[in-house]
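Hi,

Here is the structure I promised to pass on.

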Amino acid sequence: MYLSKKQGIQKTRILDKIYTKGPISRIDISKELSITPATVSEITNNLINENHVHELGEGEKNNKPGRKKILLAISPYHNYFIGVELSDNFLSFCLSDNLGTIIEQQIIYHNNWDYQEKLTDTFFLNKLKQFIEQCTEYNPVAIGIAIPGHYDPIHQTIKTNNPFWKTFSLKNVIASIELPIYLKNNVKCMAIAERLFVKDKQDKNFIFLHVRRGMFCTYMYNGEIYAENNPLIGEIGHTVINPNGELCECGKRGCLQTYTSEPWMIKKAKLIYDNTPHTFLKHLVSEKQQIDISTLIKAYKLGDEGTITIINQAIRYFSIAINNLLMMIDSDTVYIHSELFSESELADLLIQCIDENASLLNLQHPKQQIFKSYNEINGALGACGLCIYETL
């Protein structure tokens, strides 16, 4: 079926609506998008013929006269996409269908204290080619790459303060792969996937907070990433939380990430390891270079005083930042993605701190905080979501 430019735009909007609000009827699509029922029927019938959408049957009874609504939903296994996340701790690859169902996955871990010489664009390209070969039978139609920073399309590099990526170029990767490649900040990718793949299809405004080496915040507003073209928007880790704090790599003092990001917490834990004879950290690792965020969580649970101070301070400042966000941004939900909060005790403590400092927010409707289950594959799946966003 030939579609005019206008019909192509309408098809994209209708498909997006089924993704984010489905199962949904044709008449409800028409009302929400202000597209005539006849046009909606024509385009959705085309999508059904393409096996991209299918009818689920009649919706619930609503005591209104006339025909019952026939609900539409996205059909699985229509297309397949490869998603990748570049990280200084691991490389993750996954193959998913157009509903975010993971078919294949691979995670390559490396120790960030001795791997810097090995992770090159050539190494990454070889691993990517191997994974593409592994997925050949599915005929993937595009590749998404979630990057730890912002993509510079002119130099085909990653814009970031992390020196780990200073010499890492994506030029050879892009030139060597025949499939379309899409690149975007890893947190933006995960936010896109959260909108497309979430089970509760409400398509509300939400904040997606990611805490790892750095900290980044993405705001999904009316179905779009807010201020998409401004790379400074979302750099919550570089908002000042204590003007008298330590000097951050950005040149300011007391940035949030100097308290709550993983490297800074680990840096402080290493000082405890060197200067505190009886710290539990020495029972958990044989040398300070082996300390990671899971080590800190274990030490916290064992009652290590120094670690408790580090983590409690990180959570307190993080809760202040979240409350500040909620006073400035209209958001129904806050997703928090961090290995630190995979420990339920720490997640509960964060919620408690948020509630203790939210007296003014009681004037507004309650906000829901959701701890997104941390997994190294989430960024790669987010990159699959990016492919769907760009191609479908």
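Let's start with a side-chain pair: E343 and K301 make a polar contact through their side chains, at 3.3 Å. Keep in mind that this is a predicted model. E343 sits in the loop that runs between β14 (333-338) and α12 (344-356). Leaving aside residues up to four places away in sequence, E343 touches I297 and K301. Is E343 buried or exposed? E343 counts as buried, because its relative accessible area is 14% and the cut-off for buried is under 20%.

Next, the cysteines. How many disulfides does the structure hold? The answer is zero. Take C384: the closest cysteine sulfur belongs to C94 and is 3.6 Å from the sulfur of C384, so the two are too far apart for a bond. For a disulfide, the two sulfurs would have to be within 2.5 Å. C387 is in no disulfide either, and its nearest cysteine sulfur, the one in C384, is 6.1 Å away. C384 is buried, with a relative accessible area of 0%, and C387 is also buried, at 0% relative accessibility.

The volume of the largest cavity is about 40 Å³. Which residues line the largest cavity? They are E85, F90, M190, H210, R212, H337, Y374, N375 and G379. Sorted by class, that lining has three nonpolar, four polar and two charged residues.

Cheers

Note on methods:
Residues numbered from 1 in each chain as written. Predicted model: local features only at pLDDT ≥ 70, side-chain atom pairs only at ≥ 80, totals over all residues. Heavy atoms only, no water. Buried < 20%, exposed > 50% of the residue type's maximum accessible area, 1.4 Å probe, protein only. 1 Å grid on protein atoms, 1.4 Å probe; cavity = no way out; pocket = protein on both sides within 12 Å on 5 of 7 lines; lining within 4 Å. Points joined across faces, edges and corners; volume = space filled by probe spheres on them. Nonpolar A, V, L, I, M, F, W, Y, C, P; charged D, E, K, R; others polar. Helix = DSSP H or I, 4+ residues; strand = E, 2+ residues; numbered from the N terminus. Polar contact = N/O pair within 3.5 Å; in protein donor to acceptor, adjacent residues only side chain to side chain. Contact = heavy atoms within 4.5 Å.
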